[in-house]
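Biologist: Hey, could you walk me through this one? I'm new to it.

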Amino acid sequence: MISPKKISVKIQQTLPQLVKFATVGVLNTLIDFIIFYLLSNVIDDTIAKGISFLVAVVNSFVLNRYWTFGKRGTAQKNEMAKFLAVNLLTLSINLLCYHIWSEWFHLGRVVSFVLTMPFVTLINYMLNRIWVFGSKEEKK
């Protein structure tokens, strides 16, 4: 059985990293929105959204790799592929949860969004921490 002290230490180690991850997420949302807004004034909205999303994903990868998870050196070949896979998976979970809250429980858009985000963010964080950017010791 894991002792309460070990759990407390793990939480103290994880919380700052989770705050960084959430900060990167907020920054990515702002980048996505600002680039979309600027580009949509001069090019097609769909193309603008595609470009803004891609810029935000690249920013997310770089900031999370180096700042949140403290990885150094050149990215491994499969890190970006894993990162994209995690983001596609969590997008699917996000859409499913939002649909359940809004359509099955008939909650409003904002409430459905707010209920979905913490769950999806935590899954995204854990998969990135363990599978994408985790050390070999964490993966055991």
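Biologist: Which residues lie nearest the centre of the largest pocket?
Modeller: T29, F53, N87, N94 and M117 do, out of 32 lining residues. A pocket here is an open set of points on a 1 Å grid over the protein atoms alone, where a 1.4 Å probe fits, with protein on both sides within 12 Å along at least five of seven lines; lining residues have an atom within 4 Å of a point. Before we go on: this is a predicted model, where local features need pLDDT of at least 70 and side-chain atom pairs pLDDT 80 or more, while totals for chains, interfaces and linings use all residues. Residues are numbered from 1 along each chain as its sequence is written, and side-chain values use heavy atoms, without hydrogens and water.

Biologist: What volume does the largest pocket have?
Modeller: About 1,100 Å³, counted as the space filled by probe spheres set on the points, which are joined across faces, edges and corners.

Biologist: And which element gives the largest share of the lining?
Modeller: That's α1, with 10 residues. Helices are DSSP runs of H or I, at least four residues, numbered from the N terminus.

Biologist: Switching topic: how many salt bridges are there?
Modeller: The count is 2, taking a side-chain nitrogen of Lys or Arg within 4 Å of a carboxyl oxygen of Asp or Glu. K49 pairs with D32 at 2.6 Å, N to O. That links helix α2, where K49 sits, to D32 in helix α1 (residues 4–40), 17 residues apart.

Biologist: What about R65, which partner does it have in a salt bridge?
Modeller: E79, with the closest N and O atoms 2.5 Å apart. This pair ties R65 in helix α2 to E79 in helix α3 (residues 79–104), 14 residues apart.

Biologist: Is R65 buried or exposed?
Modeller: R65 is buried, at 2% relative accessible area; buried means under 20%, exposed over 50%, partly exposed in between, with a 1.4 Å probe and protein chains only. E79 is buried too. K49, on the other hand, is partly exposed at 36%, and D32 is buried at 14%.

Biologist: Last one: which residues make up the largest nonpolar core?
Modeller: There are 9: F21, V57, F61, F69, F83, V86, Y125, V132 and F133.

Terms used:
Helix = DSSP H or I, 4+ residues; strand = E, 2+ residues; numbered from the N terminus. Core = buried A, V, L, I, M, F, W, Y, C linked by side-chain atoms within 4.5 Å.
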